[in-house]
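I opened the coordinates and kept notes on what I looked up, entry by entry.

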Amino acid sequence: MKKQSMWMAGALLALCFAGCGKKAPENIVTGVPKQKEAVVTEAKTSSRPANEVVVGIPGEYGDLSPFGGNSQGRSYVKYSLWETLTVFNDFGQSWDQMDWILAKDIKPIDDVTTDVEIYDYIYDSNGNQIKADDVVWSYEQAAACGKFPKVTSNLKSIEALDDYHVRMILNGDGLGDLEYMLSYVAIASKASYEASSDKMSNHPVTTGPYMVEESVPGSRLVLVKNENYWQKDDSKKAYTAKQPVDKITFNVIKETAQMAIALETGAIDVATSVASSEIDRFMNADGSGKGGFLVKSTYGGMALMLDFNCDPVSPLSNQLLRQAISYAIDRKGIVAAVLKGKGETIGTPGTRASSDYNPAWDAIDYPYNPEKAKELLKQAGYKEGQLKIRLMTEQTAEQPLVAQLIQAYLSDVGIEVQVLSYDNALFSQYRFQPDLFDMMIGIMGTSGYVVGAWDLQFNSVGSKSGGAAACFVKDPKLQSLLEAAKGKNTHSKETVEAFATYQREMDYGLGLYCKSSFSVSNSKLTQMVCHPFGHLITNACTFAE
Amino acid sequence: MWKYIGKRLLWMIPIILLVAVLIFVIMDFVPGDPVTIMLGSSATQEEMEIAREEMGLNRPFFVRLGEYLYHAFFMLDLGTSYQTSTPVMQELVQRFPRTLILSIISMALAVVIGLPIGIYAAMHRNSMADRFSMMMSLLGVSMPSFWLGLLLVLLFALKLGILPAFGVGGLSYYILPALSNAFGGIAGVARQSRSSVLDVLRADFVTTARAKGLKERQVLLKHILPNSLIPVITYVGSIFGRMLGGTLVIEQVFSLPGIGNYMILAINNRDYPAVQGSVIFCAITFSIIMLGVDLLYATIDPRIKAQYASGKRR
């Protein structure tokens, strides 16, 4: 009996281990790991009517009001609900290149003053007319609520000139400032907002092409077409103002495997975000869709950086040491190991989707060279094994993995790295304290230009530490080059190049990678359209007849 | 008995008050600034000060604490979430029933399946069935619920297509989450009830009952079970409490917008009102469950009922 039990226990344990079995980790240094052939799935067509679509979004949409803070889920739903004066349809556009939505005409008066005329027939879903007073009120609300810091800091004043004209005065004339201002504030009717019992957080009265039919916070949002949508003239409709289907249901699916399963089972028609680990089930090596699925890949506005703490308290205030670290890190290896190759290394701290990003930077920005790293380490005055530095990272799915890889790469050249991993709240607080870390892995976004990311990282004017926001450096030359590169009238290929060259030489920060984001749909869609920031806009997509 | 229930309910007031003060103090002292999270890294010091002023975070600690307690206990207003700008009470009222339903179904499964397995295993100690059930129990307590959840989704949603894989709707939406959530509980209840029944089996009164010629079924139902159920009920009560606050992983896997999901997002974002409100909500529910557990003791064990009646036990 005892023997039988032992055999049974052994068999069960063996089964368990077989089930949990995982391939031994590939050598991260030698490049792309061999990947198992992905299971090919077939796109299942759902039994839903053709004029309805179900979309999976990876995060909660939160507050649906026009002044709700940005959340992962909100980015996918807000364009169907709310309208702004203008909207970007590509990175780095100027105000006259953007799609105009509520704006009928835009006239810059001087470097900081702009007059905007709105259509005289804009109505929200309750039938309240939107006039210049509502635009002024919406901007004032956005500036006061504190959730749009750039609006709060850049908007000097806004006033209604008459029922359909507003004058907007900005505090500065930075590159992209006016475009940001025109495209970031959702316009709502003051009367509708004040009549709302929940400040429109769950039941908004919208200005967009769709309105809310049902909202189950954290789970499901059902939108229906606004039959009385104010803009009837198709030639004047922005790409975000289309109404291709009668009903859009957004389902919140946070678990990456569940998102893929939902798509495979036909529970959703579109997955707005499919993880790198799951995408091979839907995508061929050449980027085309597999088994009837349609795949859209974008870089979006986010990039991963390695910021060096250049404050005198850190050993990384030593330029040679920073360069040694940059040469020691194999960024292609990181992309292969962490993103399964679904991303691109970047040649500067900033996203490669930016309009002024120069792909030539990729080749010259610190190629992987551990021997050179060792040499520079020696020149910096450190022997192998003598230096110990702290690498701070946020506790997300990816960043701790990147931190571990950097730890391994630097260990190879004789630098010991202590990884400090914090949750979002602590990371957000500690990143401004130069005594708490030596290097930091951070995500940097941009509003269209690579200089936007540089501005956030290297601008020392008005920062909390007195030095540049991400690396604490106080370098007047860097600052003057930055001012030239980001100035509306001085931004040019030359000024951008001058900053990139000097930054690369000083090595205050290293760009790591831009991650590919994937949206996948079944045959219900024939073309997917994303906002330049990478979010799929469902009602901008083309649907099968 | 009613007097006892009344006393217990009155005791809940200082307990909940203490919980509210404790969580307020903890959230205030824990590092991490909600304003920095909300405004992001590009906000200036001045903008952060403006936001702090608007959120009332720059007022003295005791003023904020007093106001919070007053609003929470006298106005039933738990504040507004920093992240979603919605009233916390409204969110909790919407989300809590889902967590409660999930916990109740999971617990019911744990009891209905785990208890008979444990009793059977004890009554047939050292048999193949006993060994097998205990081995499965070991597997159950060791297996991560999210992993089991995904396996169940693969089988029932992807392969068989008979159950929904995520979201909220009718009861069918709770089947897979409840099964995943209950598996550890089934194993725990089985192990607890087995060991509890084994303890009682050795007691003199069981030997006496058998010596008197009672049938084994009568011995089990009248003597063994009532005496062995007390630790099992305590265990079930405590796992129910744990389930209420700890269904986070399951809620995440099955995209079930319950209180666990809400709370973890709130903790990560230092959304003070949301965390404090959720904790107070959980504390009230847990106190009521524990009262229910104590009342169950009395139903099962007449000695405890007598103690309640005489007022010796509080």
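Entry 1, a bridge between chains. I looked up Arg95(B) and found its side chain in a salt bridge with Glu60(A), at 2.9 Å from N to O. The model is a predicted one. This pair crosses between chains: Arg95(B) sits in helix α5 of chain B, and Glu60(A) sits in the loop between β1 and α2 of chain A.

Lys254(A) comes out as buried, with a relative accessible area of 18%.

Which residues are linked with Glu60(A) in a network of salt bridges? I listed Lys254(A), Glu91(B) and Arg95(B). For the structure as a whole, I noted 31 salt bridges over all chains.

Entry 4, a bridge between strands. Asp115(A) and Arg167(A) form a salt bridge, with their closest N and O atoms 2.7 Å apart. Asp115(A) lies in strand β5 (residues 113-118) and Arg167(A) in strand β7 (residues 165-170), both of chain A, so the pair ties together parts 52 residues apart in sequence. I checked the accessibility of each partner. Asp115(A) is buried at 13%, whereas Arg167(A) is partly exposed at 26%.

I located Glu398(A) in the loop between β15 (387-394) and α12 (399-412) of chain A. What does the side chain of Glu398(A) make a polar contact with? The partner is the side chain of Lys515(A), at 2.5 Å. Leaving out residues up to four places away in sequence, Glu398(A) touches Val338(A), Leu339(A), Tyr513(A) and Lys515(A). Its relative accessibility is 17%, so I put Glu398(A) down as buried.

I went back to helix α5 of chain B, which covers residues 88-123 and holds Leu92(B). Leu92(B) is buried, at 0% relative accessibility. Beyond four places in sequence, I found that Leu92(B) touches Leu78(B), Pro97(B), Ile259(B), Tyr262(B), Gly277(B), Ser278(B) and Phe281(B). I also took one separation: the C-alpha atoms of Leu92(B) and Gly185(B) are 25 Å apart, and the two residues are 93 residues apart along the chain.

Helix α1 of chain B spans residues 2-29, has 28 residues, and reaches 41 Å from its first C-alpha to its last. That is close to the 40 Å expected at 1.5 Å a residue. Which residues in α1(B) are buried? I wrote down Tyr4(B), Ile5(B), Arg8(B), Met12(B), Ile16(B), Ala20(B), Ile23(B), Phe24(B) and Met27(B). As a reminder, an α-helix has 3.6 residues a turn, so residues three or four places apart point the same way.

Notes: Residues are numbered from 1 along each chain as its sequence is written. Chains are lettered from A and ligands numbered from 1 in the order in which they are written. This is a predicted model: local features need pLDDT of at least 70, side-chain atom pairs count only at pLDDT 80 or more; totals for chains, interfaces and linings use all residues. Side-chain values use heavy atoms; hydrogens and water are left out. Helices (H or I, at least four residues) and strands (E, at least two) are DSSP runs, numbered from the N terminus. Buried means under 20% relative accessible area, exposed over 50%, partly exposed in between (1.4 Å probe, protein chains only). Contact means heavy atoms within 4.5 Å. A polar contact is a pair of N or O atoms within 3.5 Å; within protein, one must be able to donate a hydrogen and the other to accept it, and residues adjacent in sequence count only if both atoms are side-chain atoms. The expected span of a helix is 1.5 Å times one less than its number of residues.
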